[in-house]
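Good morning, and thank you for coming. I shall take you through one protein structure, and I ask you to keep the display in view as I speak.

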Amino acid sequence: MAQVPRGAPFIDLLAPAGTAAQVTELQTRLDLVTGGGWRVIADDGTFETSSVPSQPLRGKLDRVWLYRTTPMAQGEDFQDAGSLALELALMSQAKVAAAGVYGLYAWGLVAFEDLRWLHGLLLLDWLYNPRLDELGEVVEAPEPETAAATVEKKLAVFQALWTPENAVELGKMIPPGAVQQVESHQVLSLLGPGGSFDPRYWQSLAMQLVLPAVRAHVAGGAPAPSMSGAPASPVPLAPPAAPAPPPPPSDGLTPLARAAKEARERAALAAEQGAAEPEEAEAPEGTPISWSQTSRGPVLFLPEDRYDPSLLRRLRSGSTNDLVRSERPDGSTLDGWMESGAPFVTEVPFASRLFLNDKPLHKSAFGDSPADAAGARTLVAHLPRVSRVRAVLVAPEGAPRARVLASSDVELSADEIRGVAGI
């Protein structure tokens, strides 16, 4: 059995036969996109005996798991995992890709080829829930010795309900706009405020959509009550946020100005103590980072293969130890950069790495945005774990695909964003 850390972000792929043989290529792509920390494993014959079985939905499809090697941190958002699930679904042409937290039978984002796969995933939630029986009723004290027999009874109901016709009816019960089309797949996002993961969203949705159909079937095939005209949405609302703690006394500085001040104080202290010059960082693999002067001050460019939120945080704290000497800015540039908000531009490999309205961004969204004087189309989105960004769709002449740039300074023009990126 694969040793997936309990509580770790986790993606479950059901993909066409032959996908499992490509785990090395998937791992390489995953390392490029995430910078490491995620693992890919194909079913070794034990996945269906884990805490997240997928039969009979899986059938003869290959099953591949992707998981982060570290558990979710308190308050951490789930947008990176959701965006990654969509990218992998599109890349592998998976029938369904579900992102959740290992150890929980619940999903925060599901990408699927058509509604029948989402319908089957919702039915699995009931099929393997020991607190629900084959009649769709709650079992107060499930008995382990009868669990296998109960699943067998449920299986017959599953097969009767999992039909293309019922999938169409399920689609009518999902609130308009909850499912988004992204290239070849549809996406259901159940992320909460700020991209948070809450298993209750999925579990509530599954129970509200599945249990009426199960009960109607066992009662003699009467149609399940439709929710299409119900006043309440089957997608639950986010629970009210806890009141924020009182802010600490202000020193009159913005966070970045405070970080710049602290960096200068550290540098002054090191000079007083005769600290040695920091060791030269090893030359990194990939494209060098660069600094540009714009109408709004210094801007850092992080190429796609060098983008790393941890590196960005260290730079914003005033430390350039991760950069080779040729990449380090002079002191006045670094101070000006930090004091102006530490703006940066980077390139993302897929538009879906960005989020718009808590859903992965699709390139088609740029078609609804106004063009600037140079004909570029931009929109404001969210770069997970970092900030709001102005995204620019760039299609260089002769290039095999359009490129997506993201600027943390949303006031920077598309022309200057392209210039910072050297396009």
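A residue is called buried when its relative accessible area is under 20%. Please keep that cut-off in mind, and note also that this is a predicted model.

Let me apply the cut-off at once. Is S352 buried or exposed? Its relative accessibility is 5%, and S352 therefore counts as buried. This serine sits in the loop between strand 10 and strand 11. Setting aside neighbours within four places in sequence, S352 is in contact with S83, L86, E87, P360 and L361.

Strand 10 itself, residues 344-348, is mostly covered, with five of its five residues buried. F344, T346 and V348 lie on one side of the strand, V345 and E347 lie on the other, and all of these are buried. Which strands pair with strand 10? Strand 9, residues 297-302, pairs with strand 10 in the parallel sense over three bridges, and here F301 stands opposite V345. Strand 15, residues 403-407, runs antiparallel to strand 10 and is joined to it by four bridges. In that pairing T346 stands opposite A406.

Strand 1 is joined by six bridges to strand 4, residues 96-101, and the two run antiparallel; the partner of I11 in strand 4 is A99. Six bridges also join strand 1 to strand 3, residues 62-68, again antiparallel, and A15 stands opposite D62 there.

Further along the sheet, strand 5 (residues 107-112) and strand 7 (residues 185-189) form an antiparallel pair over four bridges. Within this pair, V110 stands opposite L188.

What span should we expect for helix 2, residues 79-92? At 1.5 Å a residue, its 14 residues should span 20 Å, and the C-alpha atoms at its ends are 20 Å apart, which agrees. Just after the helix, Q93 takes a positive phi of about 55 degrees.

My last topic is a pair of helices. Two packed helices are described by the angle between their axes and the distance between the axes. For helix 3 (residues 115-127) and helix 5 (residues 164-173), the axes come within 9 Å and cross at roughly 85 degrees. The two helices are therefore roughly perpendicular to each other. Helix 3 contributes L115, R116, L118, H119 and L122 to the contact, and helix 5 contributes P164, N166, A167, L170 and G171. These contact residues divide into six nonpolar, three polar and one charged.

Thank you for your attention.

Notes:
Residues numbered from 1 in each chain as written. Predicted model: local features only at pLDDT ≥ 70, side-chain atom pairs only at ≥ 80, totals over all residues. Heavy atoms only, no water. Expected span 1.5 Å × (residues − 1). Buried < 20%, exposed > 50% of the residue type's maximum accessible area, 1.4 Å probe, protein only. Pairing = 2+ DSSP bridges. Axes fitted to C-alpha atoms, helices over the stretch in contact; angles between N-to-C directions. Parallel < 35°, antiparallel > 145°, perpendicular 65-115°, else oblique. Contact = heavy atoms within 4.5 Å. Nonpolar A, V, L, I, M, F, W, Y, C, P; charged D, E, K, R; others polar.
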